[in-house]
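I opened this model to look up how its parts are divided and what lies between them. My entries follow in the order in which I looked.

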Amino acid sequence: MTRRQFASLTTAASYNRILGANDRVRMGFIGLGNRGDQVHDAFLEHGDSQTTAICDLREDYLDLAQKKSRGTPLRVIDYRRVLDSRDVDAVAIATPDHWHAIMFNEACKAGKDVYVEKPLSLTVFEGRRMVEAAARHKRVSQVGIHRRSSKFLKEAVDLIQSGGLGKITVARSYHIVNEWPNGIGRAAGAPPPNEQEWERWLGPAPKVPYNANRTYYNFRWFFHYSGGQLTNMGVHYMDMMRWALGKGAPRAVTALGGKWAVEDNREIPDTLEVLWEFDGGLMFSFSQYNANSAPGNLQNSEMEFRGTKGTLYLHGNRWEVVPEPVSDHARPVRTPIGRDEQRRLERSGRKPLIEPRVVKGTAGTEAHARNFLDCVKSRAKCNCDVLEGHLSTSATILGNIALKTRSFLEWDARTEKFTNNAAANQHLHYKYREPYRLD
Ligand SMILES: NC(=O)c1ccc[n+]([C@@H]2O[C@H](COP(=O)([O-])OP(=O)(O)OC[C@H]3O[C@@H](n4cnc5c(N)ncnc54)[C@H](O)[C@@H]3O)[C@@H](O)[C@H]2O)c1
């Protein structure tokens, strides 16, 4: 396809309906694989969401989505036909990461509001352009970092923001699973089963020989399409930390790691430590141990917030506060205390500074979809709009750049450039394959 042919197919129409509180939002779903199917389900939970278009490269995924839809949606392989449809108010994009920016910006230009999966983008440059496109076309946006719409996590955020854990100096996060020895395996090189599908799947990414591991679901293990577990899972944790502690962009980042044990054809590390420094005295870490499965902390949690008065451990549908005991500074307290130790301390007249607490709840996608539908109607800002998604995503991408350049990098959030390493700035974007371009 020439650039001109491609451009002529991209939509330029910009029209929108004004929706009232009782109206249905007519949704187009682009990318209906693993996550796209879950997102579709989340929207179907709400009676005021109507599936009017479905798009994927695979007929089996389209069959399933069609079966689930109420009515007969437009069914297409080319996402631009969804953007051209006057029967679509908003789109949900759940394609691999390397497609998010182009689809998001074209959707904004076509006058659609956009729910886009995390990570927002593959590069920092793309993320900023997405923020600008949403503002330019006055679009409502929601990034699929769904924890932002969870009530029980909001309670944890409120506790932290009210100083309930004292001064937090460290937040840590973990992605731990032992994938040794074979991981995703070594899919044999072979011609693509369908050349046109492979071409559409690659989109702006470099043309490389087909390998089945590069495509459905497993694309996460390859840098042309993803930032690996750091941007896949790490973006949820980075966002939670930024939300709870009211932080914007980090001021410095460093990372170490590599593919050291797992014997498959992945590109991303199986072992990784990333550290970020934020203004105000705060360090955040992401530990990816994919060649060993021992818990990262005693609570076996995904995240921990370490404050002067206590620690909050967060795992899935549960969070727990473990207090620090009062220290007389003569004999430093070595560990957070459990309930027995707390009782013993109370008997001896020394009290913990805060109450222990366990809170259970859910962090499902339905609430995040609900928030998006409400905002499409009210034009209010979503819980995780494109700017929040950009700040969280780009912080994780910076970690990958530190790893690739084996550096300690200082970041200027205003210019979105590194100030101490010119070579690292070369990694803030990549050259799209012709004819793909970002509006
Ligand atoms: N929020 C979450 O918790 C969460 C969970 C899982 C995945 N995700 C995100 O969702 C996205 C998709 O991941 P996945 O696991 O569903 O991958 P997947 O490979 O299962 O699904 C991606 C789908 O996109 C389709 N696709 C690819 N290129 C396309 C194109 N040009 N036009 C139309 N369709 C195209 C593919 O056919 C495929 O069905 C990723 O960005 C991922 O990070 C988010």
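I began with the division into domain 1 (3-148 + 366-386) and domain 2 (150-189 + 199-363 + 397-427), the bounds coming from an automatic or database domain assignment.

I noted that this is a predicted model, in which local features need pLDDT of at least 70 and side-chain atom pairs count only at pLDDT 80 or more, while totals for chains, interfaces and linings use all residues. Residues are numbered from 1 along each chain as its sequence is written, and side-chain values use heavy atoms, with hydrogens and water left out.

I looked up pLDDT (the predictor's confidence in each residue, from 0 to 100) and found an average of 93 for the protein, with 92% of the residues scoring at least 70.

I then turned to the two domains, whose C-alpha centres lie 28 Å apart. Contact (heavy atoms within 4.5 Å) joins 24 residues of domain 1 to 30 residues of domain 2. The buried area (accessible area, 1.4 Å probe, that two parts lose on being put together, summed over both) is about 2500 Å² between domain 1 and domain 2, and carbon and sulfur atoms give 60% of this area. I recorded that His98, Arg147 and Arg148 supply 30% of what domain 1 buries against domain 2, more than any other three residues.

Last, I checked salt bridges (a side-chain nitrogen of Lys or Arg within 4 Å of a carboxyl oxygen of Asp or Glu) and counted 3 between domain 1 and domain 2. I also looked up the salt bridge of Arg200 with Asp78, where the closest N and O atoms are 3.9 Å apart.
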